[in-house]
Amino acid sequence: MRASVGRRLLDKAANRDQRFMREALALARDRLGLTTPNPTVGCVIVRGDKVVGRGVTGRGGRPHGETQALADAGALARGATAYVSFEPCAHFGKTPPCANALAAAGVKRVVIGCVDPDPRVRGRGIAILKRAKIEVAAGVLEAEAQALNEGFITRLTHGRPLGILKLAMSMDGRIAAASGDSRWISSPASREMVHRWRRECDAVMVGAGTVIADNPRLTCRIAGGRDPVRVVIDARLRTAPAARVYRERSSAPAILVTTLKNLARARRRYERPGVEVIAATARGAKIELGRLMREFGRRGWCRVLIEGGANLAGSALSAGIVDRVAFFVAPKILGAGLPAIDAMKSRRVRDALQLGRLSARPVGDDWLLEARVRAGNGRGRVGPAGRTG
């Protein structure tokens, strides 16, 4: 009987922790993509069953969610429980450690979603709390917490942003008709979802062929959205300087990536306010995307949305910079046209790139197929500095 009562009490406590952690995660999710180079962290301060303080990481990474929640709670934080979606920071940067702030506020318990992989923090935030005699419970809704900040975690562990490959295709695997026309293969609902993804990513990357064929703006056109940096891979300078991606008014710059050989000419043709031209290491006329993504990691970027076309898709997969694939499959058959993926040649079936965790869901008239690229493709594990203070 006593054991049964004990289990019920434990289940009730676990359910309570999950309930408030979900609220912290929801706060963080709403700020996804806006806190680079820091993770997005939500925090709620709870007394009894009442939330007395809420906070989330500010745009650009500061102020931190914990300090915001403590300020919101005021004196009510003393003796309360803090639910934090990511381990509180433990290092001095532009702000003092959040772990110290929680201890100084007198909270009695801290519940953490997942540990921060940053070497300056990893486990140290928890240690600061425990030294202050604060009860700590870590790993509550851990998978959800890690998924929310997988871009930050990828940058810390692999030295580059998370790569998400998005393609819209017909049922027979075509991203454009024989004439080159590709508007619109996907449904309006699918396109709206992509605009939300752009808001959540630091950059969107396309190849020269996409700019030539579609003349896209690559902006985020949803209410409350913000534009990602727009990256064009153009080793041979085939895109027109008057293309919309270079002329679009935006708070985010456009970046043209070319070879060192073409750098001076590219700067004369393309560079202007709002357009940056950079050179990347190349093999022949092919940009080395792995090194380019590590440069983006040094810039603090956490998530890059790769939107095609076929050549860039194949090159990105071959370079091992894609972590997730997202294919919008429309109920259409073109019969001929541009294949979804080029520049990737598997001689045998067993040489195919292996995917895992496949999921499928309807989006408007389309089906969205998502999967993870399985680990073991020779990715490096040297990461740059993590979050700022």
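**Exercise 1. Find the contacts of S315, then decide whether this residue is buried or exposed.**

Solution. Start with the neighbours: leaving aside residues up to four places away in sequence, S315 touches K286, L289, D342 and A343. Keep in mind as you look that this is a predicted model. Finally, take its relative accessible area, which is 17%. Buried means under 20%, so S315, at 17%, is buried.

**Exercise 2. Work out the strand order of the open sheet and name its edge strands.**

Solution. Begin with the order: the 5 strands run β2-β1-β3-β4-β5, and their pairing is mixed. Now look for strands that pair on one side only; these are β2 (50–56) and β5 (135–138), the edge strands. Between neighbouring strands of this sheet, the average turn is 15 degrees, direction ignored.

Then zoom in on one pair. Strand β4, residues 109–114, joins β5 in the parallel sense over 4 bridges. Within that pairing, I112 has A138 of β5 as its bridge partner.

**Exercise 3. Describe the largest cavity and the classes of residue in its lining.**

Solution. First, count: there are 2 cavities of 30 Å³ or more. The largest cavity holds about 90 Å³ of space. Its lining has 14 residues, and L32, T35, N38, N149 and C302 are the closest to its centre. Sorted by class, the lining has 6 nonpolar, 7 polar and 1 charged residues.

Technical notes: Residues are numbered from 1 along each chain as its sequence is written. This is a predicted model: local features need pLDDT of at least 70, side-chain atom pairs count only at pLDDT 80 or more; totals for chains, interfaces and linings use all residues. Side-chain values use heavy atoms; hydrogens and water are left out. On a 1 Å grid over the protein atoms alone, a cavity is a set of points where a 1.4 Å probe fits but cannot get out, and a pocket is an open set with protein on both sides within 12 Å along at least five of seven lines; lining residues have an atom within 4 Å of a point. Grid points are joined across faces, edges and corners, and a volume is the space filled by probe spheres set on the points. Ala, Val, Leu, Ile, Met, Phe, Trp, Tyr, Cys and Pro count as nonpolar, Asp, Glu, Lys and Arg as charged, and the others, Gly among them, as polar. Buried means under 20% relative accessible area, exposed over 50%, partly exposed in between (1.4 Å probe, protein chains only). Contact means heavy atoms within 4.5 Å. Two strands pair if DSSP finds at least two bridges between them. Helices (H or I, at least four residues) and strands (E, at least two) are DSSP runs, numbered from the N terminus. Axes are lines fitted to C-alpha atoms, for helices over the stretch in contact, and angles run from 0 to 180 degrees between N-to-C directions.
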